[in-house]
Amino acid sequence: MLQQTKDARDRKTLLWLYRHHFLTIWYIREEEVDLVVKKVSESALKQSPVDLSKTFFSLTAAITCRVALGQNFHDSGFVIDQDRIEELVTESTTALGSFTFSDFFPGGPGRFLDCLFRTQKRINKVSEELDAFYQHVIDDHLKPSGRKILDAPGDIVALMLDMIDKNYYFKLSVDNIKAVLMNIFLAGVDTGAITMIWAMTELVRNPKAMKRVQENIRATLGVKRERITEEDVGKVDYLKHVIKETFRLHPPVPFLVPRETMSHIKIQGYDIPPKTQIHINAWTIGRDPKRWTDPEDFIPERFENSSVDFRGQHFDLLPFGSGRRICPAMSLAIATVELGLMKLLYYFDWSMPNGMKGEDIDMEEIGTLTVVKKLPLQLVPLQRY
Ligand code: HEM
């Protein structure tokens, strides 16, 4: 019924890459999360607050850059400043998620208003900067000495260039590579960070849930563990409930990817003509009092003895969407979020700076395509192990 709106080849390429590549990069996740733990330990020593919003954005950006480009922020000579990548991702998702006048007034009048308000110009500007960045990375890979397969089994750019060389079973162009990179950057960097930021925010606001999740993690993993690895992911049930509850209240992509009707349909008595764009509001569904008891409250326990899951089969909880356009990187995203939260909650206790209380935290949201906590989350870590 619903028409798919994007290029099928990019989708096919993406699915192939996610299946063959993303699940094999567990060691990159472990290394990057370990670096975060190390940095937070330094702040704990000084008892100074950590900007967790920045920390989580840097973590997901670092993982994405290593996986996609084979390039490491921590190496000198990284082609683009880490802060600039994070800014570009935010600018692009904001620009792409905003409606343009042409969306409502197709043709001349829409284009005139877009020109007047410089909407299209903003979108073009960030797209050009990202395009130049991708081109630079591709050129760098194509230098005789430059194909940087730093992390076996090779980064995504190297893999895709190989697919061009080897004339794989579907043909790829450089534009396809850039489209895939654009997808990965815009969909992959801020979503995971946003989830971890809101999870920590809600836990600090809800001390009982914080106590329970830390007790559960520490009891499951045992005391004074030197290393927590991917093998520990999935073992702590209450942490899984915390993540589900965070997705319910704060889905990072509140409106799913738009769909378009292919023929006339009727939904709850409303006639929807063909070629109508459909927007699904996962945020509102997650707070719908007809579906959830005390919908505005953070209650991870609601998922105990419940089969409701976020994998696209339960329409009450749709943080990753559903159907053929469901997020192809769901497993990668969950592994990153769970590992990141598990380590920070195991090794540290957390409090608000300057004697503030959890209930003082500002909960305002900002964004368009993705929605993030407006003010950075600043918390003071206390090293436990
Ligand atoms: C917690 C983290 C994440 C959340 C909540 C999330 C959520 C979503 C949602 C809601 C969609 C639209 C699905 C639909 O409309 O049915 C989507 C699509 C997508 N996501 Fe994710 N995502 C996350 C992480 C990632 C990561 C880490 C990557 C890549 C590295 C990624 C890549 C994509 C791509 C490429 C699409 C577009 C698929 C298409 O157009 O067919 N996502 N994601």
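Which residue just after α2 takes a positive phi? In this predicted model, the residue is Q47, with a phi of about 55°.

**Helix α2: length and sides**

- Helix α2 covers residues 26-46, and its 21 residues should span 30 Å at 1.5 Å a residue; the C-alpha atoms at its ends lie 31 Å apart, which agrees.
- Four residues of α2 are buried: R29, E32, V33 and V40.
- These four sit on the same side of α2 because the arc they cover around the axis is only 95°.
- As background, an α-helix has 3.6 residues a turn, so residues three or four places apart point the same way.
- Turned away from that buried side is a face with the exposed residues Y27, K38, E42, L45 and K46.

**What α2 packs against**

- On the helical side, the buried residues of α2 pack against α3 (52-69) and α13 (330-347).
- They also pack against three strands, namely β2 (50-51), β7 (348-351) and β10 (378-383).

**The three-stranded sheet**

- Strands β2, β10 and β7 form an open sheet in that order, with antiparallel pairing.
- At the edges are β2 and β7, each of which pairs on one side only.
- Between β2 and β10, which run antiparallel, there are two bridges.
- If you want a spot to look at on screen, find V50, which stands opposite L379 in β10.
- In general, strands of a sheet pair through backbone hydrogen bonds, either parallel or antiparallel.

**The largest nonpolar core**

- The largest nonpolar core holds 76 residues, and I197 and M200 are the ones with the most contacts inside it.
- Helix α9 (residues 174-205) is the element that gives the most to this core, contributing 16 residues.
- Setting aside neighbours within four places in sequence, I197 is in contact with L52, S53 and F56, and also with V372, K373 and L377.

**Around the ligand**

- There are 28 residues around the ligand, and those that come nearest are A187, G188, L256, G321 and C327.
- Helix α9 gives the most to the shell, with seven residues.

Note on methods: Residues are numbered from 1 along each chain as its sequence is written. This is a predicted model: local features need pLDDT of at least 70, side-chain atom pairs count only at pLDDT 80 or more; totals for chains, interfaces and linings use all residues. The expected span of a helix is 1.5 Å times one less than its number of residues. A residue is buried if 20 or more other C-beta atoms lie within 10 Å of its own, exposed if 12 or fewer, and partly exposed in between; C-beta atoms are placed from the backbone. The arc is that of the directions from the helix axis to the C-beta atoms. Two residues are in contact if their C-beta atoms, placed from the backbone, lie within 7 Å. A nonpolar core is a set of buried Ala, Val, Leu, Ile, Met, Phe, Trp, Tyr and Cys residues joined through C-beta atoms within 7 Å. Two strands pair if DSSP finds at least two bridges between them. A residue is near a molecule or strand if its C-beta atom, placed from the backbone, lies within 6 Å of it.
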